[in-house]
Amino acid sequence: MRLRGEDADQANVAAELRRAGVRFTSTLNGVRLSARVRAVAKTMGLERGVPDLLIFDPAPVNGQPTALELKVEAKRPKTDRAQRFSGCEPVQREYLAALAAAGWNARVGYGARDAIEKLRALGYPVGPREHERSCTCAAGEVSICPGCDRIVGWCKRNPSTSEHCTDCREARDL
């Protein structure tokens with residue numbers, strides 16, 4: 001399965017949260033479901049507008065849980081005057097505002113890198129590992145596994161565009 005766009009970004013962020021041992025969940029919003037499955041999901045409580053990732057472990061900087069909505073990089077606001085939660089649908093903005101009013105950290109990540117940077121700013125242990133943070137090359141370059149589009153590295157000095165992530169290497173070796 002090859003993920004693209006916002007789905008790939010969310011999978012990358014989820015992989016970082018799992019690696020860090022952070023307790024979170026995602027919603028089925030944005031996933032194509034059959035009419036029958038969607039009806040069952042709605043009956044069981046699925047609501048439009050719920051952020052993509054709900055992080056239950058409190059953010060180290062303020063002790064609050066975090067709601068993260070992911071958008072593709074192209075939806076990043078072009079100016080500082082953009083409205084809060086720019087790029088989101090109105091129902092998503094309402095949900096994020098309600099969660100913020102209830103004490104949650106409500107954020108919109110424009111691509112995996114931006115989302116991970118925002119989570120790091122909240123104190124979550126995600127993103128470049130210690131040896132990658134001390135690298136002197138142009139930091140922040142992300143290498144993606146060609147098999148599944150997950151982040152496999154952050155260092156530009158050793159771009160790993162042909163390197164597969166552990167899961168893909170293990171699947172290939174079987």
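This is a predicted model: local features need pLDDT of at least 70, side-chain atom pairs count only at pLDDT 80 or more; totals for chains, interfaces and linings use all residues.

Four strands make an open sheet, ordered E1-E2-E3-E4, with mixed pairing. Strands here are DSSP E runs of at least two residues, and helices are H or I runs of at least four, numbered from the N terminus. Two strands pair if DSSP finds at least two bridges between them. At the edges sit E1 (24–26) and E4 (105–110), each pairing on one side only. From one strand to the next, the twist averages 20°.

Look at E3 (residues 66–71). E3 pairs with E4 in the parallel sense over six bridges. Leu70 faces Gly109 of E4. Toward E2, the sense is antiparallel, with three bridges. There Leu53 has Leu68 as its bridge partner.

E3 is largely enclosed by the rest of the structure, because six of its six residues are buried (under 20% relative accessible area, with a 1.4 Å probe and protein chains only; exposed is over 50%, partly exposed in between). In a regular strand the side chains alternate between the two faces of the sheet. In E3, Thr66, Leu68 and Leu70 point one way, while Ala67, Glu69 and Lys71 point the other.

Next come the helices. H1 (residues 5–20) lies across E1, E2 (53–55) and E3, at about 145° to E3. H4 packs on the sheet, touching E2, E3 and E4, and its direction makes about 150° with that of E4. Such angles run from 0 to 180 degrees between N-to-C directions, with axes as lines fitted to C-alpha atoms, for helices over the stretch in contact. H4 spans residues 112–121, and its buried residues are Ala112, Asp114, Ala115, Ile116 and Leu119.

Finally, the cores. A nonpolar core is a set of buried Ala, Val, Leu, Ile, Met, Phe, Trp, Tyr and Cys residues joined through side-chain atoms within 4.5 Å. The largest has 17 residues; among those touching the most other members are Val13, Leu68 and Leu119. H4 gives the largest share, four residues. A second, separate core of 10 residues includes Val50, Ala67, Cys88 and Ala106.

How values were computed:
Residues are numbered from 1 along each chain as its sequence is written. Side-chain values use heavy atoms; hydrogens and water are left out. Contact means heavy atoms within 4.5 Å.
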